[in-house]
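Please look through the structure shown below while you read, and keep it in view as the paragraphs move from helices to strands and then to the backbone.

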Amino acid sequence: MNEGAPMMYGGGGCGYGGAGVFVLAGQERQSRHYPLDVLQVLGGAAPAPASTRRAPRKERPPRDPRDATAFGYDSDDSSLSSNASGSNKSSEKGTSRSSERVGSAGGGWGGWGVRGGEWRGRRERRDTRPRHRIAPERYLNAAYPFQVKFTPDELLNGSEWDTLSQEIWEKFVKSQQTEETFRKKMNLWRYLYITIKSIFPRYGLYVVGSTMSGFGLDSSDMDLCLYVRPVDNLEPRAHALLHLNYILSYIKSFDPNAELIQAKVPILKFRDARNGLQIDLNCNNVVGIRNTNLLYGFSTMDWRVRPLVALMKLWAQAHNINDARQRTLSSYSLTLMVIQFLQCGTVPAVLPRVWQAGCGGWEALRGTNRFTLAELFLHLLRYYAEFPWDKMAVSVRLGRPVAVAECRCARAHKNDPHQWKLLCVEEPFDLTNTARSVYDPDEFERIVRTFRLAHQRLAATRRLADAWPQQAPAAAPLR
């Protein structure tokens, strides 16, 4: 990953056909060195052979015995990342076999000397070759691209919707993930990455979800994906539980209340009390990496997308319909619902269908939708209040509703026909139902009723507070 703001790179062709990856803008990718036969297949020319003559070796300056440090690199935080990334500095030149105790003049660890196997002190001429940095440090050093600090010119247009649009925008600005919260999450990622790597060197740790997609709130959880190479003869869920139990024993050392939830996708939930962060750690649910890239791409296509997703989450939380553990909707399902509405629930579309993204046809239509934030939110509530849930499912992959019967028959490794019940939202990559937690008829009716009543009240008054839960009037005191 390179420095700068994250950019979305999808698979081949137009759209997101392949697995996307985060690449930070600011530098170009380093060129790969292919062997001659591969270059011929790719159609490239073979590079000219390099000269075998070597420059004469320069005489090393005499070593100053006072220039002796405990380590051959600066004893700051970068030493942790070098150890965590698996580098073995002891194999390089520069070690000293002296068994004498060498004091650290200005470096080392607290002035302590080290016996045996000493690192030779750094010469005056420092090595300018770039050092490998782990992924968390690259995000810590990059610019934070998500926090909005300026009001867009298109927010107000002098219409009757201006007041409601202004209310929506202010609520979004106050609730969005701040740069300070993002830095806390990246520092926590760095700490966990280094620690886990030191114990389990073959593990990979990735940040997924709203923290990276651009749809994060300041109160949002931090989603992490622990990657371990799959085992052929072990069922994926059992494999995930095995490794999450390994991590649980370590996590409980600083959060005794850490809990391993043995759901279909096992989740290790714990809290960082120091920074006030709630963490959800899964194992090998790599589809989260792909859909994070997809959602990031959508979040950057129109300035109205992120405020609408944030408002939908806040509205659902206020109505207690945003908790999959309580048989309601997850934040991911709500995000997909907003995106599909912007693909086909308003004319002209605000967002393209997946196969249209990046193609010339969509660029000609981009920006033609002039609805205000207020109008889009009101239409969004009506769209899902009237959605034919008994027959159709939400599909961002197709950019339109798809028949539930078709979803049940989809040939996918993780797809289970029995999970398509009352409320259906298709996962774009593994084709499962992200809203399978809504299986209780009473909760389903409450969710639909919430959309319907909120739309009726908001359409009548055009005040954002009327879309929120209404407090019952206090009873008159008895006399």
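The axes of helix α4 (residues 162-175) and helix α12 (residues 373-385) come within 7 Å and cross at roughly 85°, where axes are lines fitted to C-alpha atoms, for helices over the stretch in contact, and angles run from 0 to 180 degrees between N-to-C directions. That angle makes α4 roughly perpendicular to α12, since angles under 35 degrees count as roughly parallel, over 145 as roughly antiparallel, 65 to 115 as roughly perpendicular and the rest as oblique. On the α4 side the contact is made by Leu164, Ser165, Ile168 and Trp169, and on the α12 side by Leu373, Ala374 and Phe377; contact here means heavy atoms within 4.5 Å. Sorted by class, the contact of α4 with α12 has six nonpolar residues, one polar residue and no charged residues, with Ala, Val, Leu, Ile, Met, Phe, Trp, Tyr, Cys and Pro counted as nonpolar, Asp, Glu, Lys and Arg as charged, and the others, Gly among them, as polar.

This is a predicted model, in which local features need pLDDT of at least 70 and side-chain atom pairs count only at pLDDT 80 or more, while totals for chains, interfaces and linings use all residues. Residues are numbered from 1 along each chain as its sequence is written, and side-chain values use heavy atoms, with hydrogens and water left out. The helices (H or I, at least four residues) and strands (E, at least two) are DSSP runs, numbered from the N terminus.

How do the axes of α9 and α10 cross? The axes of helix α9 (residues 305-318) and helix α10 (residues 331-345) come within 10 Å and cross at roughly 135°, and the two helices are therefore oblique to each other. Val305, Leu308, Val309, Met312, Lys313 and Ala316 of α9 make the contact with Ser331, Leu334, Thr335, Val338 and Leu342 of α10. By class, this contact of α9 with α10 has eight nonpolar, two polar and one charged residues.

Now turn to the strands, where an open sheet of three strands has the order β11-β10-β12, with mixed pairing; two strands pair if DSSP finds at least two bridges between them. The edge strands are β11 and β12, each of which pairs on one side only. Helix α10 packs on this sheet, touching β10 and β12, and its direction makes about 90° with that of β10. Strand β10 (residues 392-395) is joined by two bridges to strand β11 (residues 402-403), and these run antiparallel, with Ala393 standing opposite Val402 in β11. Two bridges also join β10 to strand β12 (residues 425-426), but here the strands run parallel, and Val394 stands opposite Val425 in β12. The hairpin of β10 and β11 has six residues between the strands, and in this hairpin Gly399 takes a positive phi near 75°.

Most residues other than glycine have a negative phi, and most peptide bonds are trans. Asn284, although it is not a glycine, has a positive phi of about 65°, and it lies in the loop between β9 (277-283) and α8 (287-299). Asn320 also has a positive phi, near 60°, and its place is in the loop between α9 and α10. At 57% relative accessibility, Asn320 counts as exposed, where buried means under 20% relative accessible area, exposed over 50% and partly exposed in between (1.4 Å probe, protein chains only). Finally, a cis peptide bond joins Val347 and Pro348, with omega about -5°, and Pro348 lies in the loop between α10 and α11 (360-365).
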